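Dear colleague,

Please find below the structure that I am handing over to you. A summary of the findings follows it.

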Amino acid sequence: MLRLITDFDGPIMDVSQRYYSVYQFCLEKTRYPDQPVQQLSKAEFWQKKRSRVPEKQIALHSGLDEAQSQAFSQLRRQIVHTEPYFQYDSLIPGALAALLKIQQAGIDLAVMTMRRVWELDYAFKKYDLGQFFPENRCYCLSNDYVKTRDIEDKPLLMARALAELPTATDTWMVGDTEADITAAKNHGIKVMAVESGIRDRTQLELYQPDIIIQDLSEAVDLILKN
C-alpha cells in the first residue's frame with residue numbers, strides 16, 4: 001500500500017491572508033495616535049514571513065519602536081489562531097483536484113497538522129474536506145494541547161500516526177516547513193517540501209528534504225508517475 005501524509009496549511013490551505021490581516025490589525029492597535037507607520041504590502045510581508053524574519057523585526061520595519069514591537073509580537077501570538085481570523089484562509093489553487101486525484105488512485109491519504117481539532121474542523125466544514133480524510137486519517141492537536149515548538153511537536157504526531165496506521169509499503173510526507181521535514185526524517189520517511197506555504201526555498205533547503213517542488217499538485221503527479 002502506498003501512503004501520502006500531507007500537512008494542511010501550506011500544501012492545502014493558504015494562510016497568507018490570515019497572517020497579513022493579523023499583521024494589519026496588530027500594527028493599527030500598537031501604533032500611537034498620529035504615529036506614522038509604514039505598513040508593508042501583503043507581498044512584502046509574506047516574503048519576510050517566508051524567509052523567517054522575526055515578528056519583532058517585522059514590527060520595527062513597519063515603523064514601530066522597540067517597546068511597541070514587543071507588544072505587537074505578543075498581541076499577534078494571542079490572536080493569529082483565533083476564530084475571527086480563520087475566515088481569511090483559502091484553498092491553495094489545485095489542491096482539491098490533487099486530493100481527488102490521489103483518492104481516485106486508491107492511495108492511502110492522511111493529514112498531519114499543528115492545527116487543533118476545532119481549527120481543522122472549521123476548514124473541513126467550510127471546504128468539505130472531510131470527504132478526503134476520515135477521522136482515523138486525521139492527526140492534529142487536541143483543543144487543550146500545550147504547544148512547545150512545531151519542530152518538537154510534529155515528530156510526536158508522526159510517531160503516533162505510524163503507531164496507529166496500517167503498515168504501508170511506501171510512504172511520502174508533503175509539507176512546507178522545517179517541522180514537516182524533521183518529523184519525516186526522524187522516522188525515516190521520504191519528504192517533499194512545497195514552496196506554496198510559509199517557507200521559501202532557501203529556508204527549506206537548510207533542512208534537506210528529498211525534493212523541493214511547487215505545490216501539492218506536483219507532489220501528486222510525481223507520486224503517481226513513480
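From which domains does the lining of the largest pocket draw at least three residues each? They are domain 1 (2-14 + 89-225) and domain 2 (16-87), with bounds from an automatic or database domain assignment.

This is a predicted model, in which local features need pLDDT of at least 70 and side-chain atom pairs count only at pLDDT 80 or more, while totals for chains, interfaces and linings use all residues. Residues are numbered from 1 along each chain as its sequence is written, and side-chain values use heavy atoms, without hydrogens and water.

The largest pocket has a volume of about 1,200 Å³ (the space filled by probe spheres set on grid points joined across faces, edges and corners). A pocket is an open set of points on a 1 Å grid over the protein atoms alone, where a 1.4 Å probe fits, with protein on both sides within 12 Å along at least five of seven lines; lining residues have an atom within 4 Å of a point. There are 36 lining residues, and those closest to the centre are Tyr-19, Arg-76, His-81, Asp-150 and Arg-199. By class, 19 are charged (Asp, Glu, Lys and Arg), 10 nonpolar (Ala, Val, Leu, Ile, Met, Phe, Trp, Tyr, Cys and Pro) and 7 polar (the others, Gly among them).

As to cysteines, the structure holds 0 disulfides (pairs of cysteine sulfur atoms within 2.5 Å). The sulfur of Cys-140 lies 6.7 Å from the closest cysteine sulfur, in Cys-138, which is too far for a bond.

Yours sincerely
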